[in-house]
Amino acid sequence: MEQYNVTGMSCAACQARVEKAVSAVPGVDSCAVSLLTNSMGVEGSAAPEEIIKAIEAAGYGASLKNSSLIQDGGVANSMNGEYSTIPNYDNELKDLETPVIKKRLVASLILLLPLMYVSMGHGMFGWPVPGFLENNPVGSGIYQLILAGLIMVINQKFFISGFRGLIHKAPNMDTLVALGSAASYIYSVYGLFAMTIYQLNGDSTSLHKAFHDLYFESAAMILTLITVGKLLESISKGRTTNALKELMKLAPKTAVLIKDGVEVVVPIQQVKIGDRFVVKAGDNIPVDGVVVEGDGAVNESALTGESIPVDKAVGDSVSAATINESGYLICEATRVGKDTTLSQIIQMVSDAAATKAPIAKIADKVSGVFVPVVIVIAIITFAIWLLVGQTFGFALARAISVLVISCPCALGLATPVAIMVGNGMGAKHGIMFKTAVSLEQTGKVQIVALDKTGTITKGEPKVLGTFQDDGVEDIDLLRVAFALEAKSSHPLAKAIVEYGYSLGLEPSEVESFQSLSGSGVTASLDGQKIYGGNLELITSYVTVPQKAISLSDRLSENGETPIFFANQDRFLGIISVADIIKDDSSEAVKQLKNMGIHVVMLTGDNEKTARAIAEDAGVDEVIAGVKPDGKEAIIQKLQEHGKVAMVGDGINDAPALTRADMGIAIGAGTDVAIDAADVVLMKSRLTDVAAAIRLSRATLTNIKQNLFWAFFYNAIGIPLAAGAYIHAFGWTLNPMIGAAAMSLSSFCVVTNALRLNLFNILSVRKDKRIKNQITTSIVEPKEVERTMEITVKGMMCQHCEAHVKEALEKIAGVEEATANHEANLVVIKTTQDVAENDIKAAVEGAGYEYCGIH
């Protein structure tokens, strides 16, 4: 996404105009304009020059955001060591709009007070005035004309922007203000000329009547009150980006490099990838890197929200803007400039602000036609009041009231201010929403699918036991397992490798290593084939004893994962590995279920192991035996029953994260998973899934409140201003009151959005349970297949084998029986527990001798 600064926008109508102009440029795939940040995000192949040209043709200004980057110095490119650009956050932090509006307002007030004193104070309450104004209506009128004219000059921005919009056939809020103020002023000038004629003719009655029809104070007051509203809006809008500004302030300015053995302080722009830098106790870490010497305790709360320091030693990674609270670290730079974690977080929040939530489309459609419709309503109002016999001044006042009370700004700000505050709240707590769409849609999920390893569990499995087969030495089992798993990247393999090293072993070199997705691994060791993996894989090569199968069932029931090993000649044994459930997993699942969300656990483990872990976690449904390439299909199946969020951390989770309605990546996971996700949890804490949903729901509620206020305000205010309630209730609206209402409407919307800062995303007190029709398992559990071997004597040929097979397969729960008359052996595959007495009866009923389980 390419981001642009856009100038000259004053309301939602301007926003709609810019979007329409840019969307018409060939090569633009999508365009989202933010009135809140005066920025625009564009996706597509269109040249920036063409986009800027289109914006300027529409009557606005634009520039690439990249133009605010530092061009001299920069950071090193990882490939060639040359300097490149880094973000200059100082420019982003400056509020250039508020000081200008404040100066305009002060100047306007200085002139407005004496104007109102004469026009209202003297005219209505008889307050004393200088002699040259006493009993001098024409002199008083000229006095008001001059002061009101000066206020109009001070606030000329409204007229320049407003009439430029008219010229480009794109009227905006400034057009309404300019028309209302100009109409009041021009009518008053006409009245002043009439007063002069009346005075020359000695017509004092008409003179005083014309004096009371002057609207100079209205023209000035409208502009001043709108400026007050703009100032309040600007200050409030600035507060909505406070979270982003706080992140930007964290960007370090200098680093201490080691050059020729000497510590040298250099600007952050001069740090290159591969440079070694020093971080002493109390210092900020300047760029992302890896510890090469020393140790320390690093406070990462700036990035993750977690205040407890994390111990860092050689080999551990560190991130820019975190603080070394104790110890001495020498680190090597791995990511600098815009590639650091801090810069990516800032970019993520900024990109989210530059995108548009689906709910904003309603306001956009209305905003596109709002101002022209209001102008037409004002003209009709003016004409109707004249037709029913009212005076020109009365009709004009009603038309001006319609113009100045209408507020497209509130419509344009309703969604982006809430999105910005919601994103900022998420960033503070280590929850990163990549787009406005993800912030809106996360709260609508009905099903959450959790990957087991690294999400529900810690992803740090440990070896709990080794069980070698009869006649196999413990060292022989470990030698094969260590050699095989040393080549694998699977978390369970790492546990075996760590266990091997802890025993002082070294892995033997293997050849022809092959990883079988979801099943296990094979290789050759000393010219002999070796295998490691699940029961299904090993039984396809060798016979596994029944006692080993029974042992594996018991291990699985305890939540352990049995890994089987064999060589080409025989079964060697089992190594039991278990992953520990995270401390907050049970609480996270409980919170999700209390929200009415159906929680599903996906795992490649066997059914028994999966169910043991699922029981501890408290999930609604467990889907076991899912191979890495099968997760996406499961997500598709779940989507038939509602909106699905997939939570994962590994490379093999990426397709499922992309397929899900909302992909949520654990921050400690792989870059591939994070890239594929819509939401990133920086703290890797599962309770943050519930927090993200909670924040999304609160933000969406806030947006709906803002939109309701914006529509309700205009629906009530415009008829009131037009005089629709005069005959029913006698209500009329002074144009100045209308201007005050308009100035406060946007302020109310922004202030309501700021209330989100008070929302506690970790509190479960206000969680609402959604109506969820899912009460049973969505995906039918696979039948668990068990294998046993029995000894049968009396079989003489293949016909005997067929008789035994037929007799056994009639037993409920027996899926398949394979007999071997030469070995007096029958292998039985079952899908449920089968009583041995039933097996014995079936064999003896067929006329053969049952000799027990092998």
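A nonpolar core is a set of buried Ala, Val, Leu, Ile, Met, Phe, Trp, Tyr and Cys residues joined through side-chain atoms within 4.5 Å. Buried means under 20% relative accessible area, exposed means over 50%, and partly exposed is in between, using a 1.4 Å probe and protein chains only.

Before you click, know that this is a predicted model, where local features need pLDDT of at least 70, side-chain atom pairs count only at pLDDT 80 or more, and totals for chains, interfaces and linings use all residues. Residues are numbered from 1 along each chain as its sequence is written, and side-chain values use heavy atoms, with hydrogens and water left out.

**Stop 1: the cores**

Select Val 18, Val 22, Met 40, Ile 51, Ile 55 and Val 448. In the largest nonpolar core, which has 141 residues, these touch the most other members. Now color residues 687–722: that's helix H27, and with 15 residues it gives the most to this core. (Helices, H or I with at least four residues, and strands, E with at least two, are DSSP runs numbered from the N terminus.)

Zoom in on Ile 55. Which residues is Ile 55 in contact with, leaving aside its neighbours within four places in sequence? You'll find Val 6, Val 18, Val 22, Met 40, Tyr 60, Gly 61 and Ala 62, where contact means heavy atoms within 4.5 Å. There's also a second, separate core of 21 residues, and Ala 483, Val 521, Leu 525 and Leu 572 are among them.

**Stop 2: Val 600**

Next, pick Val 600, which sits in strand S22 (residues 598–602). Val 600 counts as buried because its relative accessibility is 0%. Show what Val 600 touches, skipping residues up to four places away in sequence: Ile 447, Val 448, Ala 449, Leu 450, Glu 621, Ile 623 and Leu 638. Try the distance tool too: Val 600 and Val 622 are 22 residues apart in sequence, while their C-alpha atoms are 5.6 Å apart in space.

**Stop 3: a sheet of six strands**

Look for the open sheet of 6 strands, in the order S16-S21-S20-S19-S18-S17, with antiparallel pairing. (Two strands pair if DSSP finds at least two bridges between them.) S16 (462–468) and S17 (511–516) are at the edges with a single partner strand each, so one side of each has no neighbour in the sheet.

Select S18 (residues 520–525). Is S18 mostly covered or uncovered? It's mostly covered, with 6 of its 6 residues buried. On one side are Gly 520, Thr 522 and Ser 524, and on the other Val 521, Ala 523 and Leu 525. S18 joins S17 over 4 antiparallel bridges, with Gln 514 opposite Thr 522. S18 also pairs with S19 (residues 528–533), antiparallel again, over 6 bridges, and here Gly 520 is opposite Gly 533. S18 and S19 make a hairpin with 2 residues between them, and Asp 526 in the turn has a positive phi of about 55°.

Move over to S20 (residues 561–567) and S21 (residues 571–578), which run antiparallel and are joined by 6 bridges. Pro 562 has Ser 576 in S21 as its bridge partner.

**Stop 4: helix H30**

Finish with helix H30 (residues 798–808), where Cys 800, Glu 801, Val 804, Ala 807 and Leu 808 are buried. They're on the same side of H30 because they cover an arc of only 130° around the axis, taken from the directions from the helix axis to the C-beta atoms. Gln 798 and His 799, on the other side of H30, are exposed.
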